[in-house]
Amino acid sequence: MDKNPSLFDFGTQQNGTGFSRRDMLKGVGSAMVAATLLGFPFLTEAEKSTATSDPLIFSQFFMISQAITEHKDLSPGMSARIFNAFYQGDTQFPAQIAALYLLLQPNQRAKEFQQVAKEHNLGEMLTRIITGWYTGTVKNGTDSILIAYKDALMYRPVSDGLIVPTYCGNGPLWFTAAPPAAAMPESIKQARLQATPDTVNTSKA
C-alpha cells in the first residue's frame, strides 16, 4: 500500500511553526473530504458530518480498507457510510484505526497486514472492517447495520456473469426503472400493425 500523499492522506510531521501538520491541515482536510463526498448524493448528512469532522481518521480508514481488501478502487462514498457506522457505534474505533495505520507498510499484502494486526491485538477490528466491505453490513454489539447490498465486495467476482441475488428479475431496484419491452411473436406484431379501427371493432363484435 502506497502511503504517498493523496486526497485522503494527511500527515502529522512538524513544520517548524510549533503546530503539527495534522493541526494545520485539519480544516483543509475537512473541506477536501466534504468536496469529495458531494459526488455521492445517497449519503446522509450524518454520514458526511462524521467523515468531515475527523478527516485524518477517515483518510486512514480509507487507506486501511484499500490495503486489507486489496482493492484500490473503493468508493469514498461507501467508505463514509461504513466509517460512520463504526464511528457512531464504537468509542474505541478512532484509536484503533490510528493504531492500525501505524502498522501499515508500503506494498504490504493483506495477509501480512492481518498477521501484524493480530500480533498487536487489532486483528478483530481489521476483521470487522473486511466483513463490512464484503457483506455490506456493520455489526455493533447486537445490532447489524445494512450499509450496502448490491455494492458489497463479495458480489464482485461473479458480477460479469450473475446478478446480485434478489427477487427483482434483473437485479436490485430493477423495478424503479422502466420495464423492458415485452417479447411478442412476430406474427402477432404484424397482425397488430396491419389492423385498422374497423377490423378491431369487428373482431370485438
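Guide: In helix 6, the buried residues are Ala 110, Phe 113 and Ala 117. Because they span an arc of only 65° around the axis, they sit on the same side of helix 6; the arc is taken over the directions from the helix axis to the C-beta atoms. In general, an α-helix has 3.6 residues a turn, so residues three or four places apart point the same way.

Before going on, a word on the source: this is a predicted model, in which local features need pLDDT of at least 70 and side-chain atom pairs count only at pLDDT 80 or more, while totals for chains, interfaces and linings use all residues. Residues are numbered from 1 along each chain as its sequence is written, and side-chain values use heavy atoms, with hydrogens and water left out.

As for terms, buried means under 20% relative accessible area, exposed over 50% and partly exposed in between, with a 1.4 Å probe and protein chains only. Helices (H or I, at least four residues) and strands (E, at least two) are DSSP runs numbered from the N terminus.

Turned away from the buried side of helix 6 is a face with the exposed residues Lys 111, Lys 118 and Glu 119. The cover over the buried residues includes helix 3, helix 5 (93-103) and helix 7 (123-135).

Let's follow one of these partners. Helix 3 (residues 55-69) packs with helix 6 (residues 110-119) at an angle of about 115°, their axes being 7 Å apart; axes are lines fitted to C-alpha atoms over the stretch in contact, and angles run from 0 to 180 degrees between N-to-C directions. Ile 64, Ala 67 and Ile 68 of helix 3 meet Ala 110, Phe 113 and Gln 114 of helix 6, where contact means heavy atoms within 4.5 Å. This contact has five nonpolar, one polar and no charged residues.

Ala 67, in helix 3, is buried with a relative accessible area of 4%. Ala 67 and Phe 113 are 46 residues apart in sequence, yet 7.9 Å apart in space from C-alpha to C-alpha. Just after helix 6, Asn 121 has a positive phi of about 60°.

Stepping back, the protein chain has nine helices and two strands, in the order α-α-α-α-α-α-α-β-β-α-α from the N terminus. Of its 205 residues, 37% are buried. Among contacts between residues at least 6 apart in sequence, 57% join residues at least 24 apart.

How values were computed. Ala, Val, Leu, Ile, Met, Phe, Trp, Tyr, Cys and Pro count as nonpolar, Asp, Glu, Lys and Arg as charged, and the others, Gly among them, as polar.
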